[in-house]
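Take a look at the fold below. Start with the strands, then turn to the helices.

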Amino acid sequence: MRIDIATLFPEMCEAVLSESIVGRARRAGHIQVVCHQIRDYSQDKRRRVDDYGYGGGKGMVMQADPIFRCHQAICRELGGPVHTIYLSPQGKVLTQERCVELSRLPGLLLLCGHYEGVDERVLETVVDEELSIGDYVLTGGELPALVLADAVARMCPGVLAAEECFQEESHFGGLLEYPQYTRPEVWEGRPVPEVLLSGHHGNVDRWRQKQRLLRTLQKRPDMMARYQPTKLDQKLLEEIRREDEGLVQDACNVENFV
């Protein structure tokens, strides 16, 4: 997969995406990330990319033409259109499900706005969807683009050691992740759960799934209300109900599952 990022701060994006797991995956050729300086496509001798907004108001607005020229250059380089996402607080909130869908595409182009935003006409011309990482406003689209790039890249083949590394994590499959433990076996008087030391893989798997259900009930009952349980889940939820009747009763619509 290839991810292109159109930004006024390519060095900022490169600094983050050249480190850790994504950085190693880039160097190994499992994923390609290319950052583009929008100013390079300005026809202004000072490489200006913004101007005052029509209708008044404070702040500057990014001009349509440099962004359009940058977008067209990337498409020419790729040999055709690429799915283009504008990172915006007005977009749909990013979810794990959408990240999975995006990871299956051959490429993405992430457009980072700045100042007071971007001329609406270029958004209407080149953008396929708008995404947000939360209901709040940042100074620019770079941080959301980095979040999206990381979330998508880690699911591409070869980036992580195995698919299991992300398939059992929080939000993947509709539940939160089970608790994790490492050495020492006892820390500050708190032992690792015995089942994890048993060597019985079936019991470990069952414990982990029960913990995923329990944690989702405790921390995100809204997720639990949307979750479609398996037959095993229903048995585990019944166990949880017997152990803590109030917890299950308080969760939204969970009584429909058991």
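Predicted model: local features only at pLDDT ≥ 70, side-chain atom pairs only at ≥ 80, totals over all residues.

Residues are numbered from 1 along each chain as its sequence is written, and side-chain values use heavy atoms, without hydrogens and water.

Helices (H or I, at least four residues) and strands (E, at least two) are DSSP runs, numbered from the N terminus. Two strands pair if DSSP finds at least two bridges between them.

Five strands form an open sheet with parallel pairing, in the order β2-β1-β6-β5-β7. Strand β1 (residues 2–7) joins β2 through six bridges. One of the bridge pairs is A6 with H36 in β2.

Helix α3 (residues 64–78) packs on this sheet and touches β1, β2, β5 (83–93) and β6 (107–112). Contact means heavy atoms within 4.5 Å. The direction of α3 makes about 160° with that of β1. Angles run from 0 to 180 degrees between N-to-C directions, and axes are lines fitted to C-alpha atoms, for helices over the stretch in contact. Helix α6 also packs on the sheet, touching β1, β5, β6 and β7.

How do two helices meet? Helix α1 (residues 10–17) packs against α6 (residues 142–153) at about 30°, with the axes 10 Å apart. The two are therefore roughly parallel (angles under 35 degrees; over 145 is roughly antiparallel, 65 to 115 roughly perpendicular, the rest oblique). In α1, M12, C13, V16 and L17 meet E142, L143, L146 and A149 of α6.
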